[in-house]
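The exercises below are meant to be worked through with the sequence and the coordinates at hand. Try each task before reading its solution.

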Amino acid sequence: MQFSAHNQLQGTITAIKLGGVMAEVSIDLPGGQKITSTITRSSAESMKLKEGDQVVAIIKSTEVILGKND
């Protein structure tokens with residue numbers, strides 16, 4: 001599968017918190033980094049996401065906020 005977004009991060013699902021409408025999916029990335037995605041609960045259920053699944057986080061955003069320690 002190909003995507004137009006260039007920011008693609010492969011990782012492993014470590015936790016899924018299902019809410020009434022939304023689901024919070026935690027993903028471990030190579031090198032020890034983590035990322036969390038909030039998707040609809042129906043999407044998480046239709047994709048049959050579970051801990052241990054290998055996924056690709058595709059980031060398509062008009063804003064990226066940077067921070068720097070002084």
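## Exercises on the fold and two residues

In this predicted model, buried residues make up 19% of the 70 residues in the protein chain.

**Exercise 1.** Describe the protein chain as a whole, beginning with the order of its secondary-structure elements and ending with its surface.

*Solution.* Begin with the inventory, which comes to one helix and four strands; read from the N terminus on, these elements follow the order β-β-β-α-β. Next take the extent of the C-alpha trace, which spans about 40 × 30 × 25 Å along its principal axes. Then turn to the contacts between residues at least 6 apart in sequence, of which 43% join residues at least 24 apart. Finally, the accessible surface amounts to about 5800 Å², with 52% of that area belonging to carbon and sulfur atoms, while the charged side chains number 7 positive and 7 negative, the centres of the two sets lying 4 Å apart.

**Exercise 2.** With which strands does S1 pair, and in which sense?

*Solution.* Consider strand S2 (residues 22–28), with which S1 pairs in the antiparallel sense over six bridges. The two strands form a hairpin, with three residues between them, and one of the bridges can be located by noting that Lys17 has Glu24 as its partner in S2. Then consider strand S4 (residues 54–59), which also pairs with S1 (residues 7–18) over six bridges in the antiparallel sense; here Gly11 has Val55 as its bridge partner in S4.

**Exercise 3.** Is Ser26 buried or exposed, and which residues does Ser26 touch beyond its sequence neighbours?

*Solution.* First place the residue, which belongs to strand S2. Its relative accessible area is 19%, and Ser26 therefore counts as buried, since the cut-off for that class is under 20%. Then list the residues it touches, leaving out those up to four places away in sequence: Thr12, Ile13, Thr14, Ala15, Ile35 and Thr36. Of these, Thr12, Ile13, Thr14 and Ala15 fall within the residue range of S1, 7–18, whereas Ile35 and Thr36 fall within that of S3, 34–40.

**Exercise 4.** Where does Ile39 lie, and with which residues is Ile39 in contact once its neighbours within four places in sequence are set aside?

*Solution.* Locate Ile39 in strand S3, which covers residues 34–40. With its neighbours within four places set aside, its contacts are Met22, Ala23, Val25, Ala44 and Leu49.

Key
Residues numbered from 1 in each chain as written. Predicted model: local features only at pLDDT ≥ 70, side-chain atom pairs only at ≥ 80, totals over all residues. Heavy atoms only, no water. Contact = heavy atoms within 4.5 Å. Pairing = 2+ DSSP bridges. Buried < 20%, exposed > 50% of the residue type's maximum accessible area, 1.4 Å probe, protein only. Areas by Shrake-Rupley, 256 points an atom, 1.4 Å probe, with all protein chains shown as cover. Lys, Arg positive; Asp, Glu negative; His and termini not counted. Charge placed at Lys NZ, Arg CZ, Asp CG, Glu CD.
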